[in-house]
Amino acid sequence: MTGVLPITLEESRKIVQALLLSGKEYVCLMKLHGDMPEERVRAVLKEFEDTIYQRPPLRASVKRQLRTRRIYYIDFIEMDGRNVLFKVGCEGGTYIRMLCHHIGEVLGCGAHMQELRRTRAGPFVEDEGIVTLHDVAYWFMEWQKDKNNTVLKRFIQPMEKALALVPKIYIRDSAVDAVCHGARLTAPGVVSLETGISSGSMVAIFTLKGEAVALARTEASTEEILNMEHGVVARTKRVLMPKGTYPKGWRSGEV
Amino acid sequence: MPRSVAPWEVERKLVVKAEDKTDPRYGYNPEERPAQEYIKFGVINLDKPAGPTSHEVAAWVKRILNIQNVGHGGTLEA
């Protein structure tokens with residue numbers, strides 16, 4: 001299986017959790033075990049654009065209990081004999097091999113996954129800044145010659161890119177270090193934020209320079225936060241920025 | 001069930017609550033981080049080849065870049 005596999009380096013490993021939960025898109029080649037008319041295949045694929053049940057396979061890295069996964073869309077691409085090509089957008093953790101098996105059962109003829117290519121993992125897509133292992137080795141060697149940062153940018157992206165789909169709250173410099181120490185974000189620290197945040201949403205807290213500070217869970221919606229003068233806006237869940245990057249913005253009793 | 005909106009199809013706008021400036025003496029615009037920092041806070045959008053496991057591919061990247069730790073976002077079976 002090939003395709004988009006975001007690799008997190010050093011500090012950016014802290015955002016892996018956000019990537020694992022993010023949606024995925026695949027192009028899948030499914031092999032039918034019997035002949036089926038195209039209209040029937042198209043109709044059955046549409047039926048799977050729903051919340052589906054899956055039990056993780058015997059060889060899996062998670063607990064084998066029945067769980068639900070959302071299939072956002074399945075787009076039929078083409079069919080040649082018993083080979084069916086389709087594109088599927090789904091929640092993170094959906095087993096495509098199992099999806100093919102279930103599609104085969106509904107069709108009645110049986111089916112299995114023949115080939116799979118991941119075309120998206122969260123904000124990372126295959127036609128934007130994707131590199132091969134050879135590219136990584138080559139560009140890294142080139143960079144070592146003259147340490148030119150434009151060369152580095154040809155194959156490495158800032159970890160903030162990985163959070164592109166997570167709603168953001170931008171905060172004042174003076175609030176940054178407190179959040180780096182795990183403090184809750186309060187209303188006076190908020191400068192701007194994105195629409196569509198509801199209470200309990202996972203958000204990314206960013207500096208005004210666009211650096212990721214932490215992942216947090218909100219206690220209020222976009223509209224509520226806009227009108228809040230004090231109180232907790234979000235609880236810090238995962239700190240991404242090292243402490244001390246920004247100066248301490250609060251008064252300590254010891255000073 | 002109608003086709004639902006995927007997370008990457010959601011459009012968000014920025015709304016301003018207060019005005020403030022950031023002090024250029026602290027932190028960096030992510031695009032302007034010095035090389036070592038840029039790598040440390042970096043992500044590679046890798047095209048996984050067929051054959052090796054996601055874990056093996058991550059280990060190769062670790063060796064190529066000669067760094068201590070790498071992770072990967074979502075196993076893509078071999």
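I began at the strand pairing between the chains of this predicted model, where I found Gln157(A) standing opposite Val43(B), a residue of strand 2 of chain B. The two strands concerned, strand 8 (residues 157-158) of chain A and strand 2 (residues 42-48) of chain B, run antiparallel and are joined by two bridges.

I then looked up the whole interface, and noted that 73 residues of chain A are in contact with 56 residues of chain B. On the side of chain A that touches chain B, strand 1 (residues 2-9) gives the most, with eight residues. By class, I recorded 35 nonpolar, 20 polar and 18 charged residues on that side of chain A.

Leu133(A), Val136(A), Ala137(A) and Phe140(A) make the contact from helix 4 of chain A, and Val57(B), Trp60(B), Val61(B), Ile64(B) and Leu65(B) make it from helix 2 of chain B. I noted nine nonpolar residues in this contact, with no polar and no charged ones.

Last, I checked burial within chain A, and found Val41(A), Val44(A) and Leu45(A) buried in helix 2 (residues 38-47) of chain A. They lie on the same side of helix 2 of chain A, because the arc they cover around the axis is only 105°. Among what covers the buried residues of this helix, I listed strand 4 (67-80), strand 5 (83-90) and helix 3 (96-107) of chain A.

Definitions and conventions. Residues numbered from 1 in each chain as written. Chains lettered and ligands numbered in written order. Predicted model: local features only at pLDDT ≥ 70, side-chain atom pairs only at ≥ 80, totals over all residues. Contact = placed C-beta atoms within 7 Å. Helix = DSSP H or I, 4+ residues; strand = E, 2+ residues; numbered from the N terminus. Nonpolar A, V, L, I, M, F, W, Y, C, P; charged D, E, K, R; others polar. Pairing = 2+ DSSP bridges. Buried ≥ 20, exposed ≤ 12 C-beta atoms within 10 Å, placed from the backbone. Arc of directions from axis to C-beta.
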